[in-house]
Amino acid sequence: MERTLLLRSLSCSSLAGARLFSRSSSSSSHARRLLRPSLSSPPSLPRRGGGRAANGASRRPLHLRRYRSLHSTSSSLSFGRKFASLAPRAIATPTQPSPEVVGVQDGVAEKYGFEKVSEEFIKECKSKATLFRHKKTGAEVMSVSNDDENKVFGIVFRTPPNNSTGIPHILEHSVLCGSRKYPLKEPFVELLKGSLHTFLNAFTYPDRTCYPVASTNMKDFYNLVDVYLDAVFFPKCMDDIQTFQQEGWHYELNNPSEEISYKGVVFNEMKGVYSQPDSILGRASQQALFPDNTYGVDSGGDPQDIPKLTFEEFKEFHCKYYHPSNARIWFYGDDDPNERLRILSEYLNMFDASPAANESKVQTQKLFSKPVRIVEKYPAGEGVELKKKHMVCLNWLLSDKPLDLETELTLGFLDHLMLGFPASPLRKILLESGLGDAIVGGGIEDELLQPQFSIGLKGVSEDDIPKVEELVMSTLKKLAEEGFDTDAVEASMNTIEFSLRENNTGSFPRGLSLMLRSIGKWIYDMDPFEPLKYEEPLMALKARIAKEGSKAVFSPLIEKFILKNPHLVTVEMQPDPEKASRDEAVEKEILDKVKASMTEEDLAELARATQELRLKQETPDPPEALRTVPSLSLHDIPKEPIRVPTEVGDINGVKVLRHDLFTNDVLYTEVVFNMSSLKQELLQLVPLFCQSLLEMGTKDLTFVQLNQLIGRKTGGISVYPFTSSVRGKEDPCSHIIVRGKAMAGCTEDLFDLVNCILQEVRFTDQQRFKQFVSQSKARMENRLRGSGHGIAAARMDAKLNVAGWISEQMGGVSYLEFLRDLEERIDQDWDGISSSLEEIRKSLLSRDGCLINMTADGRNLENSEKFVSKFLDMLPSNSNAGANTWRARLSRENEAIVIPTQVNYVGKAANIYETGYQLDGSAYVISKYISNTWLWDRVRVSGGAYGGFCDFDTHSGVFSFLSYRDPNLLKTLDIYDATGAFLRELEMDDDTLTKAIIGTIGDVDSYQLPDAKGYSSLVRHLLGITEEERQRRREEILSTSWKDFRDFADVIESVKDKGVVASVASPDDVEAAHKERPNFFQVKNVL
């Protein structure tokens, strides 16, 4: 049985200009909850190596833009967008032709205390959008009605901080910890356990805080809305200092004889953020660009400032800003628009008007008269070569006020032209210069009040920093003087138009991406409708380019906003091996002074308060409190799984899977090749082979021309390895998958281009390959710091099964070590490396064992067959290629991977199938329950980690525990080991069990767009999962009993007794662990 949230697999669905929608930005946003950081795949889907997008850049998952801390509904939730009003991710198109949309009935708005401000039919999203104003308080409501079943609600407050104590961020965490109507510790967690939500979280921007929910079930949706409204307006945390201490910060002292420490979820989360060089760079850039307004401080909180925040300041901030007069409220979907106003009136009518809307306005930053330069340091590993570890980024504030729509749109297009493809000139020239390893800076960023532009390089030597700056300026000057290639303009335009039409938001609700788009203007008292409409401005821009030429359109913008703009901040980042220890020493000195100032009675009282807080955190809510949270019943749950129409046939003797689904005239396809014939020693070259296919040229096309052709003719092509264990089999499932999408009329072009990259690309460009290696190395080093839980999980998998070993070789620490060695070998053995790439192609590329997967409507599926047939006829047949037997695994000793960080990522895992356990659907319910109760309470709430969860890969049998941004190491392992005892002692009533079952079904039935449905079906086919098995597992989930939990306790003991440990951790914590448990870890210094 598989859960259908395709984090890892779908992260490679790509656009030719993937970067347009997935760049990270400098103005960070922070999430309230770490629901489950991505491991690169959910528990029951296979893990695979990293993919390459159509342009060769890794297609990062759809995630909430600017928000590096949250990895909840996807590896990273960062919803990326960056195309001004052209946000392709923010346009919601119903999945079926839309009937007439109904709005609010006459008189209803007046009845509930609202007045209609304006109303429009937004053709781009086939929605009727109405802006209401609540008469009594001034609260504004956007009511968007259409036929999308994935309903969305959100409430947003403008919350500008004036310091870096992290008030907005801590408050965002705290308001969901109980409220007037729902007086339990964390209603949020109860919703996680027992809701069918398709989105449930909250996040903090530099100047606003958002609380969105989504669900396809009407009853569930209104339950979520009520819990969130009560939480933001009437939170318990206003009268409960312990919530503030738990989520924000507190002194912890277990015994008066011990040292005092800081604890708090946000405090520790931000320690992790401030351990990442890219995050430090982003914050330094933003704060230097905006020294005089709210963006000059960190809304997420600086760990050095967070302990300065008082409970009184915390309460005052909520009282001031969490008021209807300062709120923007959003409804979207197919629910009754009249009911929306009724629900809101019950809350809003309880308030009077407030001056909050005026007091929360964000002031503009005046432009500098001359450039500024700052130098920052970031923590680097000791004993590491530091020569090429510098970073430099040039940042411009583009305007002293918000831009008009036409200028914003044109700047977004310009940004894509310069940086959107690997072949884009600014990106290409910087990477080909050899001055650095990877691009930093997000290009155009326009989600704050004033837009900015950032670009630079990391992996730079100190001597080369001036050269990078000079190269950026000279390249921009050249672009202003010469303009852009016509094919490049056409490729960018097609990429943008395709994305707008396709409107593929992945697992992210369309209504939420639409809300975030609208709120980017609405929050600054501008028109909330404008960002939703792209058709006319896009056509006008196309017409202007056709009439005046692209040079006349774009060159003046480069001149005005960049070259002649004195508001330039250059940020230089220097590696400092002593920074982490120096920061820790400063913190220790402060805490030592705090303790020294205390009397014996003070210390005894602090120890008592510490114990009291821990007791509260670990004491379950009483049943009567739990029953206040609304939930569904099992009668609301469909008895059968969601089925994807799948027809299995063949074309020219090759198996073809067809999925007849409405896709708005887009064809999605996957071409799958068997990887089992590949020699083991070539495995680590596979990710670079995939990138080379998309970023090297052919005999007749340069890589730039090929890249532009993909952008002009398709919606993107990606190539990546896919590896998974198969339940009941020793040999793994391993394939190379080529994914592509195009408008149905371009199907022939799509398959011709897939054939071109597979058969005609030549592996002869040594310098480009060297760039690929440097970029991959930089990405892996960044992943170690920011996603250590994924690294730890991959390491444990590699010790426990062959599929895990393969994936780790192509995306873990082993891969990083390979890249470092390869970088040294390229100049000495390029011929050998080039020959190996050809050998990989020869091993993989064969009609035998090939499989085609296609998703579109029936007519387009039928029309595509002749092009598929032509494509298959051109494939070679390697019928003599035999399968290689891969039996490698990493040794099973416990391992500590040491990096310069202030937090840890702690993992422990074992293969529970080796105990004789036979898979039952109840395991899904139990593992989710363990994550949302035992691990949430002990690892996160009490332990102070940002997240703790367990993961059951039902294909391999590996059951793993993992923590994220964790201040502890051995203590967390002790919690994992006590899980069996927790299950044995568990007392569970029928309501609790029902919630656990419903929440699990919500995961299994996660909302999917058509391309994801087709891909899910492909994955099931590859892994041999039948519809009969899916039905059986669902019945087992629905019939899960309290006895199943008790029985699973014995199974989970195998992780305690036979489990292997892998942790990505700080040097100090590993040293402390060695003193407490000598020789427990094998230590591996990586950064």
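## Ser931 in helix 32

S931 has 10% relative accessibility and therefore counts as buried, the cut-off being under 20%. In this predicted model, S931 sits in helix 32. The side chain of S931 comes to 2.9 Å from the backbone nitrogen of C950.

Helix 32, which holds S931, covers residues 922-942. Helix 32 is also the element that gives the most residues to the lining of the second largest pocket.

## The second largest pocket

The second largest pocket holds about 800 Å³ of space. Its lining is made up of 32 residues, and those nearest the centre are K193, P620, D621, L626 and Y929. Two or more lining residues come from each of helix 5 (187-194), helix 22 (623-626), helix 32 (922-942), helix 34 (979-985) and helix 35 (990-1004). The contribution of helix 32 is seven residues.

Sorted by class, the lining of the second largest pocket contains twelve nonpolar, six polar and 14 charged residues.

## The largest pocket

The largest pocket has a volume of about 1500 Å³. It is lined by 47 residues, with E584, P967, D1068, D1069 and A1072 closest to its centre. At least two lining residues come from each of strand 10 (261-263), helix 8 (265-273), helix 20 (579-596), helix 33 (970-977) and helix 39 (1067-1076).

Which element gives the most to the lining of the largest pocket? Helix 39 does, with eight residues. In terms of residue class, this lining has 20 nonpolar, ten polar and 17 charged members.

## Phe1048 in helix 38

F1048 belongs to helix 38, which runs over residues 1042-1058. Is F1048 buried or exposed? Its relative accessibility is 3%, so F1048 counts as buried, given a cut-off of under 20%.

Leaving out residues up to four places away in sequence, F1048 touches I912, Y917, A923, I926, F959 and L983. By C-alpha position, F1048 lies 22 Å from G1002, and the two are 46 residues apart in sequence.

## Helix 4

Helix 4 takes in residues 167-174, and eight of its eight residues are buried, so this helix is largely enclosed by the rest of the structure. The buried residues are I167, P168, H169, I170, L171, E172, H173 and S174. The list includes E172, a charged residue under the classes used here, as well as I167, I170 and L171, which count as nonpolar.

## The chain as a whole

The chain contains 39 helices and 28 strands. Along the principal axes, its C-alpha atoms fill a box of roughly 80 × 65 × 65 Å. Of its 1087 residues, 67% are buried; S931 and F1048 are two examples.

Among contacts in the chain with a separation of 6 or more, 83% are between residues 24 or more positions apart. The accessible surface of the chain is about 35800 Å², and carbon and sulfur atoms account for 48% of that area.

Key. Residues are numbered from 1 along each chain as its sequence is written. This is a predicted model: local features need pLDDT of at least 70, side-chain atom pairs count only at pLDDT 80 or more; totals for chains, interfaces and linings use all residues. Side-chain values use heavy atoms; hydrogens and water are left out. On a 1 Å grid over the protein atoms alone, a cavity is a set of points where a 1.4 Å probe fits but cannot get out, and a pocket is an open set with protein on both sides within 12 Å along at least five of seven lines; lining residues have an atom within 4 Å of a point. Grid points are joined across faces, edges and corners, and a volume is the space filled by probe spheres set on the points. Helices (H or I, at least four residues) and strands (E, at least two) are DSSP runs, numbered from the N terminus. Buried means under 20% relative accessible area, exposed over 50%, partly exposed in between (1.4 Å probe, protein chains only). A polar contact is a pair of N or O atoms within 3.5 Å; within protein, one must be able to donate a hydrogen and the other to accept it, and residues adjacent in sequence count only if both atoms are side-chain atoms. Contact means heavy atoms within 4.5 Å. Accessible areas come from the Shrake-Rupley method with a 1.4 Å probe; for residues, only the protein chains shown count as cover.
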